[in-house]
2 protein chains.
Amino acid sequence: MASSRLFKPEIRIIGLDDTPFISRSKGKLAVIGVVFRGGYWLEGVIKTEITIDGLDATENISSMIKNSPYYKQLQLVMLNGIMFGGFNIVNINQLHYATELPVLSIIRKKPVFSTIQEALKHLPLYEERWKSVIAAGKIIESPTRDNRSKIYYQKIGITNEDAHKVIRLTSTRSNIPEVLRVAHILASGFWSM
Amino acid sequence: MASSRLFKPEIRIIGLDDTPFISRSKGKLAVIGVVFRGGYWLEGVIKTEITIDGLDATENISSMIKNSPYYKQLQLVMLNGIMFGGFNIVNINQLHYATELPVLSIIRKKPVFSTIQEALKHLPLYEERWKSVIAAGKIIESPTRDNRSKIYYQKIGITNEDAHKVIRLTSTRSNIPEVLRVAHILASGFWSM
């Protein structure tokens, strides 16, 4: 079982976030993958491109992870939500099977599914996108590190108990896992200049 | 005096490194500035461009730092050596006066000045470049965090005692300050893809 490994402070995690883009624009944007050892140590940064509102996020992210020099050491994939590049939705089931790694999508606010569904209906291949939303599964609540607040996650390949522990273990600087905090800084700050 | 502030674990440091370029090529390359809080927390990343073998490193790095949103909180500038983009040498004296911050250039191996001087003689404006090498001052030895090895530094605006302490305090993951380890990962890994 993966659980015993996950609790070690040196767990290798890749955290993913996307770069900003102008709303309603077309084209590509970058997805940044930050590799962390536990909640403290940045080990590397990789990137890939996906299409704004496209359908290639799952495949391109899977390939980026599997072709990276860090792949063999990785024990967990963390996403800043499942919506990348607008409505290019990551299917965490497919990501899990492609990478053979547990996947944890962290969300700060509980989304309203009916609103997402409405928006998706205006895009081509609605069925496939909605399938990816459904594939992410139930939204589960986790206490933050300081126990004062809550964050939410969707997951595959990891128990809830392990998910709670890994969130707590790696949220070293704030109430979200450090790898995602840093991925967000790099994706937004670095590329917007 | 700055010394008392420097010892705090949350000292804000900017660490600088340059992106790789093809030897003997011309053009521009990026300099990455990583802002760290102490030896653990990445707060931001900024960048600027300099000319390969040019003379604009000092000015462009000074401007980048002073125009960044992090400037007011910064207490120290750390460089991965003074040679950026080939022989575009940072004059740490000028950098110090422009930013009003102490500057610490960390080097792992003691350079051979006669070799550098010979190389510089083949470039235009030799005198100005050599002046920047001289301006960096004496090369001082510091024990590494584990006391088993040595690193070297050149500095301005900081006492040797403070320099040793800040090197020790911020070398949290390896024998070099964490901000420079991460700047190197971002500058080399991120941009070479």
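How much space lies in the largest cavity? About 30 Å³ is found there, and a search of the whole structure gives one cavity of 30 Å³ or more. A cavity here is a set of points, on a 1 Å grid over the protein atoms alone, where a 1.4 Å probe fits but cannot get out; volume is the space filled by probe spheres set on the points. The model is predicted, with pLDDT of at least 70 needed for local features and 80 or more for side-chain atom pairs, while totals for chains, interfaces and linings use all residues. Residues are numbered from 1 along each chain, and chains are lettered from A in the order in which they are written.

The lining (residues with an atom within 4 Å of a point) includes F36(A), Y40(A), F36(B) and Y40(B). Eight of the lining residues are nonpolar and one is charged, with no polar ones; Tyr and Phe count as nonpolar, Glu as charged.

Turning to the sheet, seven strands of chain A form an open arrangement in the order β3-β2-β1-β4-β7-β9-β8, with mixed pairing. Strands are DSSP runs of E of at least two residues, and helices runs of H or I of at least four; pairing requires at least two bridges. Because β3(A) and β8(A) each have a single partner strand, one side of each lacks a neighbour in the sheet. β8(A) pairs with β9(A) in the antiparallel sense over four bridges, and S142(A) stands opposite I151(A).

Helix α2(A) lies across β1, β2, β3 and β4 of chain A, at about 145 degrees to β3(A). Angles run from 0 to 180 degrees between N-to-C directions of axes fitted to C-alpha atoms, for helices over the stretch in contact, with contact meaning heavy atoms within 4.5 Å.

Note on methods
Heavy atoms only, no water. 1 Å grid on protein atoms, 1.4 Å probe; cavity = no way out; pocket = protein on both sides within 12 Å on 5 of 7 lines; lining within 4 Å.
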